[in-house]
Amino acid sequence: MSDLLKLSLDEVSAKLKGKDVSATELAREAFAACQAAQPALNAFTAFDEEKTLAMAKAADERLAKGEGGLLEGVPLAIKDLFAVEGVDTSASSNILKGFKPTYESTVTSKLWDAGAVFVAKTSMDEFAMGSSNETANTGPVVNPWKAQGSDESLTPGGSSGGSASAVAADLCFGATGTDTGGSIRQPASFTGTVGVKGTYGRTSRWGVVAFASSLDHPGPFAKTVKDSALLLQAMSGHDPKDSTSLPNDVPDFAAAVGQSVKGLKIGVPKEYRVDGMPAEIDEVWQTGIDWLKAAGCEIVDISLPHTKYALPAYYIVAPAEASSNLARYDGMRYGNRVEGKDLHDTYEQTRGAGFGHEVQRRIMIGTYVLSAGYYDAYYLRAQKVRTRILQDFHDAFDKVDAILTPSAPSAAFGLGTKSDDPIAMYLNDVFTVTANLAGVPAMSVPAGLDKAGLPLGLQVITRALDEETMFKVGAALEDSAGFGHKAAKWW
Amino acid sequence: MSVTADDVRRIARLARLAEPEDRIDTLVGELNGILNWIEQLNEVDVEGVQAMTTPVAFPLPMREDAITDGGIRDQVLANAPKSDEGFFVVPKSVE
């Protein structure tokens, strides 16, 4: 591998536009790097070399004419939740194994319109349900990072673990993810990458396999804050095919990167200091506070009193919506079918065989909380608690411009160490899930390493539609952190 | 609230999931663990609080009532587990 793949998206874009490198050359390198890493990292679920090279060739033709979009010629990896025309899209589930969409998701269409080149589909927790990438039907993805002096395989986080690993290992210049409870930000924190979700509705959900529609946010993984701004910009915009897609114009997110944060008020919520949190998480948080103070921000203590109820509310709302969304997998029109003794039995056998245990568990919870007599006690109450959580953010944003918190309650943990206890696994999303429930923009920025040499991220949350302040603060943190660490190559 | 083995069988049936008998006890334990954990929502005062419907309020968009897609039968059938002569083939559903 040459050093080209180590560049940021912004840097490699300049090289492409300057004709120092061709899109074809770059696509070949990224493709080869992904394939070479696959036996060790298991980050990918599908390749299509012909498509990759055809897209790269088209990008070269545009570049030769001095044309080309925001991402012209840049190889990107795509989470297996996004429909990519003609390429296996299975949501890492056996029920959709072999599904080849005849259409393209809006988000990937926008990326290709901006000139990006498809390089691979990435593995994920089945239907995006998980925090460790261990529920994928193709087995866990491995984090390129290892603790010092240890050879233990660590999780890249989840559910967008393949995308996180691919970007962290310099196999591509960015990747798509989806964030329903933290599925972009927690893996970003675990892999030393930047992960972003915009305001709910900024990026279209059309052509993205649905998990929990009111919580699903497509967004990017990137190596730098600026790259993440460029990617989110390309992914965003109104889509008439998604009725929750925001009609608002998309600002120039990348222009916010590097702007002064002087005078911004940064909220530090006391409820995010949770019991049993490792001291190192607290330390990295304090370091982040000090950096922003030094950059001229005013630090304000705030309270988000309903934070502790966010996860339990999420584990009603998300399974309820999932049980409805996943009702479509009946083995009739697409997906795999297991023939039973009658129609009813065919449904049950198809779904019993096609969904993994975590997905079945969530469908069961969702079915139960929506079943006759329980709707008010569970779903309706959870949606009211959600209003309380949103109100907490409204009250906070009356006083501050952005909120700073840790991204995750720990660094990356060993594969298999938490998979026996669903609730322990769910707690991974304790800091991220609030922003999904409230629909506000949030990002994770790499801030430092723990004593074992593993990356830790900080989260910036801003008001709805104010991604620009988020990118401004994120870039200030990135500047101060001077992170620059990479996993030592072993794959 | 807690669920019994019979509840789990009933929920599985409602969800159209074939759950083998040897999974039922595990599911009872897991579901009760999760349901007990979400009970804490009862501590929240939600008197007079509206249920959240959308994170960012904007008027529900209307579009012209026009045909924008269609004529793609073969694409629609492309991923069908079974199809014949331009139709989906499904198990008999009328007794």
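Helix 9 (residues 279-294) of chain A comprises 16 residues and spans 22 Å from its first C-alpha to its last, close to the 22 Å expected at 1.5 Å a residue; the expected span is 1.5 Å times one less than the number of residues. Helices (H or I, at least four residues) and strands (E, at least two) are DSSP runs, numbered from the N terminus. The model is predicted: local features need pLDDT of at least 70 and side-chain atom pairs count only at pLDDT 80 or more, whereas totals for chains, interfaces and linings use all residues. Residues are numbered from 1 along each chain as its sequence is written, and chains are lettered from A and ligands numbered from 1 in the order in which they are written.

In helix 9 of chain A the buried residues are Ile281(A), Val284(A), Trp285(A), Gly288(A), Trp291(A) and Leu292(A). A residue is buried if 20 or more other C-beta atoms lie within 10 Å of its own, exposed if 12 or fewer, and partly exposed in between, with C-beta atoms placed from the backbone. Viewed down the axis of helix 9 of chain A, the buried residues fall within an arc of 120 degrees, so they line one face of the helix; the arc is that of the directions from the helix axis to the C-beta atoms. Ala279(A), Gln286(A), Asp290(A), Lys293(A) and Ala294(A), on the other side of helix 9 of chain A, are exposed. The packing partners of the buried residues of helix 9 of chain A are strand 7 (265-269), strand 8 (298-302), strand 9 (402-406), strand 10 (442-449), strand 11 (455-462) and helix 16 (467-481) of chain A. Contact between two residues requires their C-beta atoms, placed from the backbone, to lie within 7 Å. Gly296(A), with a positive phi near 100 degrees, follows helix 9 of chain A.

Strand 3 (residues 117-122) of chain A has six of its six residues buried, so it is largely enclosed by the rest of the structure. Strand 3 of chain A pairs with strand 1 (residues 44-46) of chain A in the antiparallel sense over two bridges, where pairing requires that DSSP find at least two bridges between the strands. In this pairing, Phe44(A) stands opposite Thr122(A) in strand 3 of chain A. Strand 2 (residues 75-79) of chain A runs parallel to strand 3 of chain A and is joined to it by five bridges, with Ile78(A) opposite Lys121(A). From strand 2 of chain A the chain passes through helix 4 (residues 106-113) of chain A to strand 3 of chain A, and this β-α-β crossover is right-handed; that is, with the strands pointing away from the viewer, the path from the first strand over the helix to the second runs clockwise.

Seven of the eight residues of helix 4 of chain A are buried, so this helix is largely enclosed by the rest of the structure. The buried residues are Thr106(A), Val107(A), Thr108(A), Ser109(A), Lys110(A), Leu111(A) and Trp112(A). They pack against strand 2, strand 4, strand 6 (217-222) and helix 7 (225-235) of chain A. Helix 4 of chain A is followed by Gly115(A), for which phi is positive, near 100 degrees.

Thr178(A) belongs to strand 4 (residues 175-179) of chain A and is buried, with 27 other C-beta atoms within 10 Å. Apart from neighbours within four places in sequence, Thr178(A) is in contact with residues including Lys79(A), Ser160(A), Asp216(A) and His217(A).

Most residues other than glycine have a negative phi, and most peptide bonds are trans. Asn42(A), in the loop between helix 2 (23-41) and strand 1 of chain A, has a positive phi near 55 degrees. Asn42(A) counts as buried, with 20 C-beta neighbours inside 10 Å. Phe127(A) also has a positive phi, near 55 degrees, and lies in the loop between strand 3 and helix 5 of chain A. Phe127(A) is buried, with 30 other C-beta atoms within 10 Å. The peptide bond from Gly158(A) to Ser159(A) is cis, with omega near 10 degrees; Ser159(A) is in the loop between strand 3 and helix 5 (161-168) of chain A.

The contact between the chains takes 54 residues from chain A and 39 residues from chain B. On the side of chain A that touches chain B, helix 13 of chain A provides the largest share, ten residues.
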